[in-house]
Amino acid sequence: MTKPIDIQAAGPKNDRQAMWEIIRKYGVDDKTFTAVDIRSQLPAYPSLSKIRDYLTGLTAAEYLECKKHEKRGVPNSYTLKRDTGIEAPRVRKDGSLVTQGMARKQMWRTMKIIGEFNAHELATNASTETCLVAPRDAKDYIGHLHKAKYLHMTVKARPSGGQARYRLLPSKYTGPKPPKVQKVKSVYDPNLGKVVWQQEVTPE
Amino acid sequence: MNQTTNVVNLPPSGTTAPLQNVALCTRLLQQAMNRPTHLPGIVSFYGPSGWGKSISAAYASNKHSAYYIECKSTWTRKALLQAILKEMGIAPASTNYAMVEQISEELTLSGRPLIVDEMDHIVEKKAVEVIRDIYEGSNAAILLIGEENLPTKLRKWERFHNRILAWEQAQPADLTDTKHLANLYCKEVKIADDLLQIIQKASRGAVRRICVNLHRVQQVALSELGQDSITKAQWGKRELYTGEAPVRRV
């Protein structure tokens, strides 16, 4: 196998993505590594237990192979067994897949493809058998993206019936990760690593 | 939360999966994904505009986590490569050659397919060769979507043409499709079968026109007639949207 060229994810990385990219580098030469090795290369220095949890999850999901040592005090060493590309696998500690955020991901992808839509059409077109998107969820997501000026409203909602119609602005397709609506009433774009809309706080 | 009540009580929406073209397109992509490795892996889905090719692509790409790009007429080879890398979330390398490698590697490792929509836009340019390079480098399943004359246009690129596993034509929407669209988008009004038949005819098989007409019929039923069902007789001589410009009456 030829040595792969250096591939890095675009935009800022979360911890999981940063860990995965380091793991992949070890995988190039089938080198083994420990949780401490990973931490020493992370700029943000997350806690060791967080790294261990991710490694345990990846092992359970058969991305990694773990070699446990008989002797106490010797850390587990890992090797990359299954490389599935740049996107860090989203696994829990027990190896099961994190499904949270699927609906948003499907909506984000669908907006780009279908052009103009209302909440109902978006929900329908973004739905698959494994992940049905509720019209209510679509409406909420659209509302936030509109506030963040990612969507342009082409037709206003009419009181007689008829939902508002929207279009994703081409320059606002910032990448494959769906912008997140945060609990603090703001929209965060993980592709850019910044908050793109925040509810204004009116001073009392 | 100030949600309006009519939204809260709606059941989760159905999927577009039962529509003919959505099913055809998804099956085609699966055919490429599940082929024996010695067979070519590019498949092509084509048909007139408005027939629901893009909604088919949306469903297929959601179902199989496909990378999706929509070509623009102004795209150069470099623009095409950069667009694919953006979709993958990978920082693009500086040369075309290196970008092809980045894409091929990502496709191989992830096992995810690539969907190239509006293929017509690049079919007359050298960008076509880029798709072939990516295919050669990854052996990934690639779905090309384009307008009715895509096969004719592609014939010019013989080396490309050889690598196509299957061609599939989009089909005009039939009455079953029209009924399903009514179930999806016309929840407040029950449209009688005889009227659905007329809608299907007037729309000449185009999913986009059917949706416009369903909306129009629903509006008439609700606001003009004030009822939650409508038949052909009640619709009467009102006009349906056919996509034709109106004829001058002199």
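**A friendly note on the two chains and what lies within chain A**

1. Chain B and chain A bury about 3600 Å² between them, with 54% of that area on carbon and sulfur atoms. Please keep in mind as you look around that this is a predicted model. Chain B brings 44 residues to the contact, and chain A brings 42 residues.

2. How many salt bridges does the rule find across the interface of chain B and chain A? There are four salt bridges. One to look up is the pair B:R112 and A:E87, whose closest N and O atoms are 3.0 Å apart.

3. Now for a helix pair inside chain A. Helix 4 (residues 102–114) and helix 6 (residues 135–147) of chain A pack at an angle of about 65°, and their axes are 11 Å apart. The crossing of these two helices of chain A is right-handed.

4. Which residues meet there? From helix 4 of chain A come A:A103, A:R104, A:M107, A:W108 and A:M111, and they meet A:D137, A:A138, A:D140, A:Y141 and A:L145 of helix 6 of chain A. By class, this contact has seven nonpolar and three charged residues, and no polar ones.

5. Chain A also holds an open sheet of three strands, in the order 6-7-8, with antiparallel pairing. Strand 6 (180–182) and strand 8 (194–198) of chain A each have a single partner strand, so each has one side without a neighbour in the sheet. From one strand to the next, the twist averages 30°.

6. To see the pairing itself, start with strand 6 of chain A, which three bridges join to the antiparallel strand 7 (residues 186–189) of chain A. Here A:K180 stands opposite A:Y188 of strand 7.

Methods: Residues are numbered from 1 along each chain as its sequence is written. Chains are lettered from A and ligands numbered from 1 in the order in which they are written. This is a predicted model: local features need pLDDT of at least 70, side-chain atom pairs count only at pLDDT 80 or more; totals for chains, interfaces and linings use all residues. Side-chain values use heavy atoms; hydrogens and water are left out. Axes are lines fitted to C-alpha atoms, for helices over the stretch in contact, and angles run from 0 to 180 degrees between N-to-C directions. Helices (H or I, at least four residues) and strands (E, at least two) are DSSP runs, numbered from the N terminus. A crossing is left-handed if the near helix is turned anticlockwise from the far one by less than a right angle, and right-handed if clockwise. Contact means heavy atoms within 4.5 Å. Ala, Val, Leu, Ile, Met, Phe, Trp, Tyr, Cys and Pro count as nonpolar, Asp, Glu, Lys and Arg as charged, and the others, Gly among them, as polar. Two strands pair if DSSP finds at least two bridges between them. Buried area is the accessible area (1.4 Å probe) that two parts lose on being put together, summed over both. A salt bridge is a side-chain nitrogen of Lys or Arg within 4 Å of a carboxyl oxygen of Asp or Glu.
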